[in-house]
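Me: I am new to this structure and would like to go through it piece by piece. Could you show it to me?

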Amino acid sequence: MSETAPSRYKTLFISDLHLGSKAAKAEFLIDFLRYHEADTIYLVGDIVDGWRLRRSWHWPQAHNDVVQKLLRQARKGVNIFYIAGNHDEFLRMFQGTHFGGIVVSDRAIHETADGKRFLVIHGDQFDTIVHNVRWLAYLGDRAYDFAISVNRVVFRIRRVLGLPYWSFSSWAKVKVKKAVNFIGAFQKVLSEEARRSEVDGVICGHIHHAVIEQFDEITYVNTGDWVESCTAVVENFDGSLEILYWPKVLSVAPKETGFKPRLIEGSVGEAA
């Protein structure tokens, strides 16, 4: 494969890698990081899946490769901030600690090149089920595991047929009315938190639904995930934000040339 110069951005936001789970698309993420570089990287929670690692240990080489690649970038001078989520909540007791040049925090304020200020937070703090009905959260996590298992079967079939990656669980999420209502409520409560924090917007993860939307004067940004959709949010050097959908390139890139970025959707200022 001929080398392609990586696209460079001011800031990269990724979340919900769920390293340690069988559903994590670590290989896709490694390819993505090979073709996309940034001066600053925010890891917006659920990077390591402590919930699943407690149930059974799963840590293949690809997951270790992701960690090593991020640590190498930190050593090269990239500013990396790790915002803890609910699946890696054990890190919240280490706020302010540096691990190999990566700074751990519960939330952060990011200022874009055009002067806008964004609250960066995973978002589980505003999920009442996660905090108030813990057993139901774990039950939902098991149900999600089942949906991801269906994903893997569908992916194998589509790969044999020469079709691009498609996520059953992501499709089901936007089709089920209660899930749609939950997403809408989550977006609104996070936008309200941004308003209370006196910032221009919020950048979060948690619900695995990448989007950039306006709620009055507040910009709501969700980075998506690397389990279902394989998405990231980037800040360009003019301060504008975009969503990158990595696996869609499979439908346009010949197998012998490997993955080639980038299909982009979403920008700051889109109507809700």
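Me: What do the buried residues of helix 3 pack against?
Reply: This is a predicted model. In it, the buried residues of helix 3 pack against helix 1 (26–35), strand 2 (36–44), strand 3 (79–83), strand 4 (98–99) and strand 5 (102–105).

Me: Which residues of helix 3 are buried?
Reply: The buried residues are A62, H63, V66, K69, L70, L71, Q73 and A74.

Me: Why would residues a few places apart in a helix point the same way?
Reply: An α-helix has 3.6 residues a turn, so residues three or four places apart point the same way.

Me: How many residues does helix 3 have, and how far does it reach?
Reply: Helix 3 covers residues 61–75, which is 15 residues. From its first C-alpha to its last it reaches 21 Å, close to the 21 Å expected at 1.5 Å a residue. Just after helix 3, G77 takes a positive phi of about 110°.

Me: Let us change topic. Where is H122 found?
Reply: H122 lies in the loop between strand 7 (117–121) and helix 4 (128–132).

Me: Is H122 buried or exposed?
Reply: H122 counts as buried because its relative accessible area is 0%, and the cut-off for buried is under 20%.

Me: What polar contacts does its side chain make, that of H122?
Reply: The H122 side chain makes a polar contact of 3.2 Å with the side chain of D46. A polar contact of 3.3 Å joins it to the side chain of N86. Leaving aside residues up to four places away in sequence, H122 touches several others, among them D16, F186, C204 and H206.

Me: C204 is in that list. Which strand 10 residue is the bridge partner of C204?
Reply: The partner of C204 is N222. Strand 8 (residues 201–204) and strand 10 (residues 218–222) run parallel and are joined by four bridges.

Me: In what order do the strands of the open sheet come?
Reply: Five strands form the open sheet, in the order 6-7-8-10-9, with mixed pairing. Strand 6 (107–111) and strand 9 (211–215) are the edge strands, and each pairs on one side only. The twist averages 20° from one strand to the next.

Me: How many residues of strand 9 are buried?
Reply: Five of its five residues are buried. V211, E213 and F215 lie on one side of strand 9, and I212 and Q214 on the other.

Me: In what sense do strand 9 and strand 10 pair?
Reply: They pair in the antiparallel sense, over five bridges. E213 stands opposite Y220 in strand 10. The hairpin of strand 9 and strand 10 has two residues between the strands, and D216 takes a positive phi near 60° there.

Key
Residues numbered from 1 in each chain as written. Predicted model: local features only at pLDDT ≥ 70, side-chain atom pairs only at ≥ 80, totals over all residues. Heavy atoms only, no water. Pairing = 2+ DSSP bridges. Axes fitted to C-alpha atoms, helices over the stretch in contact; angles between N-to-C directions. Expected span 1.5 Å × (residues − 1). Buried < 20%, exposed > 50% of the residue type's maximum accessible area, 1.4 Å probe, protein only. Contact = heavy atoms within 4.5 Å. Polar contact = N/O pair within 3.5 Å; in protein donor to acceptor, adjacent residues only side chain to side chain.
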